[in-house]
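Please keep the sequence and the structure at hand while reading.

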Amino acid sequence: MDPHREALQRIVSNLANKNGEIHNFIDMLNHTIKNVQVNSSNAISELDEEFDGLYSILDEMKGSMASTIQQEEARKVQALQAARQIKERVTMASAFRISLKPTVSDSMTHLMVDFALERRILQAVNFLPVPKAPEIDLAACLVADNCITVSWRMPEDDGRIDHFVLEYRKTNFGLPRVKDEQPWELIDYIKATEYTLSGLKFDTKYMNLRVQACNKAVAGEYSDPVTLETKAFVFSLDSTSSHLNLKVEDTYVEWDPTGGKGQEKVKGKENKSGGQNPLLKSNRSSSLRSGGPSPKRTPVNTRSSVRGSRDRFTGESYTVLGDSAVESGQHYWEVRAQKDCKSYSVGVTYRNLGKFDQLGKTNSSWCIHINNWLQTTISAKHNNKTKTLDITVPDRIGVYCDFDGGQLTFYNANSKELLYTFRTKFTQPLLPGFMIWCGGLTVSTGLQVPSAVKTLQKGENVLSGSTGSLNNTA
């Protein structure tokens, strides 16, 4: 009985689902009928407005032309009435030599009109044709510098096209799908047959794009969508293993002088915080003259994070890592520091960086370090060796990592000026790493390697002196 009952239940369930689908379909049909009626009424109203406008123009032209005829009539009548004063002409003319021919003609043929051409034009008036779907020229499309240039053409000339509409959406699927897709974003009133989307964050593998043409009345069908590849290195900051004195939110990290306080066990009694995480409690009993605790005296928790797969950084290693690793290829990201940021480092490291280790002080981490205390300095660090750089600290730092080529280069992200290059052979996946004390850092990911950086890399391969003595194989 059980198999039969289960089969019957499946049949009933399928029937119920089909019944729901039928009701949804009927509702959709009713909604469509209402839309057809409303749209038809709107179309008739717009048609009345267009013809009323045409009638108004014809009436205005008729009145103007009739007025011209009446003015010509009045001019000729006045001239002829003046000619009737023949008596004075007879008496004054010598030898009765007078002209008996009127000075004006009674013809009005010069004011006749012929509307044959206009009549044919009016008889040819019809509804505006729906524009055909444009064709995207995939070979002319360009993806570079986090910009996408889309080019298209009409299948045939259409002088009634008023503008174009471009729609795009991010996706991780190579082919367009009906389900699980993000909504289309729209760029309207494009007059040309090319458009560049700029300032994009490439946080998905692909971008779908489509175009439609519009005349004054109606939009045509969409073009066949095209899919362009938009891969870039995307990562967030791993808050589960970051130092407790760092406040981490997605791609932003900020020094938090109160982080990690209140961790000490309460002697002689249980913690009565009612389940509150003791790491979030703030101990206000101590403070520094500078407004933050000394990095050498910061209370820390040496226990591993419950959520993280590694121990939290602790001690003087005020570090946070990216949550995605570089294992091959060429990648690029940028970092911007707050103006009040006193000390920070930007670089990469293997996963084996210890919880007490600092970027640049191990043979498996590479970074540049900026110090803004008494004076501003910038230096390159690796394997506990430091090289001071005689350059101006930029507002934004660009990080270029060529894993396969064994190259880590830092740039001024604004001017693309070279800051420093490490050359080595990377033997393990690399994690983006950041150290900070006082202030905050904002990381920009989803960036392609800029064209300017690619160009500079060609010359960089020749100018290898910038790497100094910090190179090695790790």
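K132 is partly exposed because its relative accessible area is 46%, a value between the limits for buried (under 20%) and exposed (over 50%), calculated with a 1.4 Å probe and protein chains only. The model is a predicted one, in which local features need pLDDT of at least 70 and side-chain atom pairs count only at pLDDT 80 or more, while totals for chains, interfaces and linings use all residues. Residues are numbered from 1 along each chain as its sequence is written, and side-chain values use heavy atoms, with hydrogens and water left out.

**Salt bridges**

The structure contains twelve salt bridges, each defined as a side-chain nitrogen of Lys or Arg within 4 Å of a carboxyl oxygen of Asp or Glu. Three of these pairs are set out below with their N to O distances.

| Pair | N to O distance |
|---|---|
| K132 and E156 | 3.2 Å |
| R210 and E167 | 2.8 Å |
| K170 and D203 | 3.1 Å |

E156, with 45% relative accessibility, is partly exposed.

R210 and E167 form a salt bridge that links distant parts of the chain, with R210 in strand β7 (residues 206–214) and E167 in strand β4, 43 residues apart. Both R210 and E167 are buried.

In the salt bridge between K170 and D203, K170 belongs to strand β4 and D203 to the loop between β6 (194–197) and β7, the two being 33 residues apart. K170 is buried, at 18% relative accessible area, whereas D203 is partly exposed, at 36%. A network of salt bridges also links E135, D137 and R153.

**Chain and cores**

The chain has four helices and 22 strands, and buried residues account for 35% of its 474 residues. Contact means heavy atoms within 4.5 Å; of the contacts between residues at least 6 apart in sequence, 67% join residues at least 24 apart.

A nonpolar core is a set of buried Ala, Val, Leu, Ile, Met, Phe, Trp, Tyr and Cys residues joined through side-chain atoms within 4.5 Å. The largest has 41 residues, and W333 and F434 have the most contacts inside it. Apart from that core lies another of 21 residues, among them I136, M154, L197 and V211.

Leaving aside residues up to four places away in sequence, H369 touches S343, Y344, S345, T377, I378, S379 and K381.

**Surface**

The accessible surface of the chain comes to about 29700 Å², of which 52% belongs to carbon and sulfur atoms; such areas come from the Shrake-Rupley method with a 1.4 Å probe, and for residues only the protein chains shown count as cover. A nonpolar surface patch with about 970 Å² of accessible area together is formed by L47, F51, Y55, I57, L58, M61, M65, V113, F115 and F127. Patches are made of residues with over 30% relative accessible area and no salt bridge, with like charges joined within 9 Å and nonpolar side chains (Val, Leu, Ile, Met, Phe, Trp, Tyr) within 5 Å. M65 lies in helix α1 (residues 2–83) and is partly exposed, at 34% relative accessibility.
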